[in-house]
Amino acid sequence: MYFHGTPGSRLDLGFGEQIAVEQGVRLVSFDRPGYGGSTPSPFGLESIARDAEAVADHLGVDTFATLGQSGGGPFSLAAATVLVDRVAKAGVASGAGPFQLVPGGLDSLEADDRAAVGLLPGDPAAAASGFAAGLESAVPVFRTAEPSQIAAVFEGLLSPHDRVVMQEDRFSTGFATTMREALSQGTSGSGWDNVAWVGPWDVDVTAIDCPVVLWYGDEDLFVPVAHGLWLRDHIPKARLVLRTGEGHLGLLEHFGEMIDELTQAL
């Protein structure tokens, strides 16, 4: 079960569908509230874990692995925390750790995001609006622009290697597709994502009992490797895979090996 990025949608992995077919892996993903076709609603890490449980129940899936990219990473871990008897292995690709606890986490935020954090835990709705506001100017671009223009919105946060990756048509086109879907209703989903993992976490990932694999690039400008190090040091069965010279988009290049490793547990 895959948890999409921030922003992102259930279409994140469109580039990797053939890889999954070839490896005999079934991919399941869903839009968090406010993203894609999912009704806007407040949410947190635990509630999305329960949504994942409901999706698995609906599909008749008993045991599964989880994988989350970037802002989806905390939700992958939340599912492993909450659904103890069902998640066999959890994966995080360039995923956020608890900003309140990762050294330098809050200091790395923009001023508007720091202001939104200051509203937590007392006024999560206002904090979500504050976080979401940062993406409003990008919505028209995501809805109408060409793939290269959409990727350019994040140009300042792409490492040199990430820029090379995004030059591949299958990746830039897939990125544009999922971003258009992600923001088709606006930015509320992104706002609540940030409340869930920039604010205090409502699950204790240090209690995860299944194996966890953490994949990070040492030149990631979106999510510094400090997040991966914190998770490695605080989750009992976590293993960190650190790729030299890579950035935030390792999922795109290494998707096959990630799902292979995660599904071995099944």
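Pockets, cavity and sheet

Q: What makes up the lining of the second largest pocket, by class?
A: By class, this lining has 15 nonpolar, three polar and one charged residues, where Ala, Val, Leu, Ile, Met, Phe, Trp, Tyr, Cys and Pro count as nonpolar, Asp, Glu, Lys and Arg as charged, and the others, Gly among them, as polar. The model is predicted, with local features needing pLDDT of at least 70 and side-chain atom pairs pLDDT 80 or more, while totals for chains, interfaces and linings use all residues. Residues are numbered from 1 along each chain as its sequence is written, and side-chain values use heavy atoms, with hydrogens and water left out.

Q: How much space lies in the second largest pocket, and which residues are closest to its centre?
A: About 320 Å³ of space lies in the second largest pocket, a volume being the space filled by probe spheres set on grid points joined across faces, edges and corners. Of the 19 residues that line this pocket, M1, V25, R26, A65 and T263 are the closest to its centre. Two or more lining residues come from each of α2 (45-59), β2 and α12, and β2 gives the largest share, four residues.

Q: What lines the largest cavity, and why is it called a cavity?
A: The term applies because, on a 1 Å grid over the protein atoms alone, a 1.4 Å probe fits at the points of a cavity but cannot get out, whereas a pocket is an open set with protein on both sides within 12 Å along at least five of seven lines; lining residues have an atom within 4 Å of a point. The largest cavity holds about 40 Å³ of space, and a search of the whole structure finds one cavity of 30 Å³ or more. Its lining consists of S94, W215, Y216, G217, R243, E246, G247, G250 and M258, with β4 and α12 each giving two or more residues. Strand β4 supplies the largest share, three residues.
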